[in-house]
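Hello,

Here is the structure I said I would pass on. My notes on it follow below.

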Amino acid sequence: MTLSTPVLTTGRTGTDIVSAEAWLCDLPVETVRTDAMQSFLKQETIFVRIRTASGIEGVGYSYTIGTGGPAVLSLLRTSLLDALVGLDAMRPEAVWQALFSSTRATTVGVITALALAAVDTAVWDARCKAGGMPLWVAAGGARSSIPLYDTEGGWLHFSADELVAQAVESRAAGMHGVKIKVGKPKGHEDVERLAAVREAVGDDFDIMIDANQSMTSAEAVRRAAAFEPLDIFWFEEPLPAEDMSGHRALARSTSIPVAVGESMYSVGQFREYLQSQAASIVQVDVARIGGITPWLKVAHLAEAFNVKVAPHFLMELHVSLTCAVPNSLYLEHIPQLRAVTRSEMTIVDGNGVPSSEPGLGIDWDFDALENLRVS
């Protein structure tokens with residue numbers, strides 16, 4: 001059987017990709033981060049840089065939280081980068097589909113999704129620069145800012161007093177909510193920590209909780225019942241991502257919205273969750289879904305189901321994407337790129353504001369990146 005390959009170009013243009021490179025950097029975490037399943041040891045960050053015939057450069061990236069980065073880099077260097085040359089950076093859908101097809105034997109899968117994301121974000125960066133538009137406008141331009149909630153003060157190893165102090169600090173800084181990690185050995189431990197925070201911040205402040213896939217369906221149902229009196233804004237990743245039926249059962253048993261998505265790697269998986277009413281809030285991660293191109297598909301799919309989007313991590317990139325779509329809810333405030341950028345995301349009155357510069361809007365410090373490059 002012969003597989004046909006779609007024709008992607010109609011003649012050489014200034015936006016055709018003429019070169020592509022990839023490299024890996026290890027970024028240290030800005031604070032100690034622990035949850036019910038793991039510790040965030042480092043951010044393995046995989047970069048892709050493309051150049052077009054007219055000299056426009058696009059830089060994209062994806063990440064892991066400590067393992068697998070070299071495998072992503074290897075896939076890029078051995079299979080995907082050569083396939084980029086000659087494709088048109090103004091056509092991200094065509095580029096994404098061409099690369100997806102070229103590595104079909106490893107799709108759908110984590111390593112391939114992370115590799116595709118690094119390429120796709122680079123393509124969008126070049127596309128936006130060529131068009132003179134910031135990403136948030138090029139991808140839809142639905143809103144000019146997005147409310148922030150803070151995660152950095154809610155890690156599982158913090159004491160109740162530390163959780164309270166940092167939640168109060170986040171509120172004073174203008175944040176609209178905080179996320180607290182749950183999954184202590186006993187349910188009453190989680191309840192006591194959350195109750196202390198609720199008492200300190202009052203009723204007019206959102207508290208999200210995140211179990212990081214640590215619970216069984218029965219335990220999640222039991223704990224959700226105990227959490228309900230505390231007016232929890234959402235219950236994130238209560239169960240393993242592959243347990244859709246468990247999430248559906250939980251969603252039907254509790255008034256707390258169930259949030260999932262950071263550990264999903266295909267548009268189809270989100271479709272199944274939404275059709276089954278197993279997700280009340282979608283937390284699609286641009287790196288893990290395979291880039292901006294499929295991220296937008298998931299966001300619009302969620303909109304069709306009247307479901308809000310509140311993406312996981314990568315605030316420096318997600319600030320633009322949440323402002324691009326009309327059904328965005330929140331942006332997670334968890335800085336990780338300050339060591340390798342020359343400016344920070346703009347925050348006004350507790351809201352993230354996307355860059356007005358053409359491209360992704362991330363001001364990379366390439367000297368700093370070079371110092372962190374893994375040989």
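Glu-316 sits in helix α12, residues 315–324 (helices are DSSP runs of H or I with at least four residues, strands are runs of E with at least two, and both are numbered from the N terminus). The model is predicted, so local features need pLDDT of at least 70 and side-chain atom pairs count only at pLDDT 80 or more, while totals for chains, interfaces and linings use all residues. Residues are numbered from 1 along each chain as its sequence is written, and side-chain values use heavy atoms, with hydrogens and water left out.

Glu-316 is buried but has no salt bridge. Buried means under 20% relative accessible area, exposed over 50%, and partly exposed in between, with a 1.4 Å probe and protein chains only. A salt bridge is a side-chain nitrogen of Lys or Arg within 4 Å of a carboxyl oxygen of Asp or Glu. For Glu-316, the nearest side chain of opposite charge is Arg-338, 6.9 Å away (Lys and Arg count as positive, Asp and Glu as negative; His and the chain ends are not counted). A polar atom of the Glu-316 side chain lies 3.5 Å from the backbone nitrogen of Gln-336.

In helix α5, Leu-163, Val-164, Ala-167 and Ser-170 are buried. They cover an arc of only 130° around the axis, so they are on the same side of α5; the arc is that of the directions from the helix axis to the C-beta atoms. Asp-161, Glu-169 and Ala-172 are exposed on the other side of α5. Just after α5, Gly-174 has a positive phi of about 100°.

Regards

Note on methods: Polar contact = N/O pair within 3.5 Å; in protein donor to acceptor, adjacent residues only side chain to side chain.
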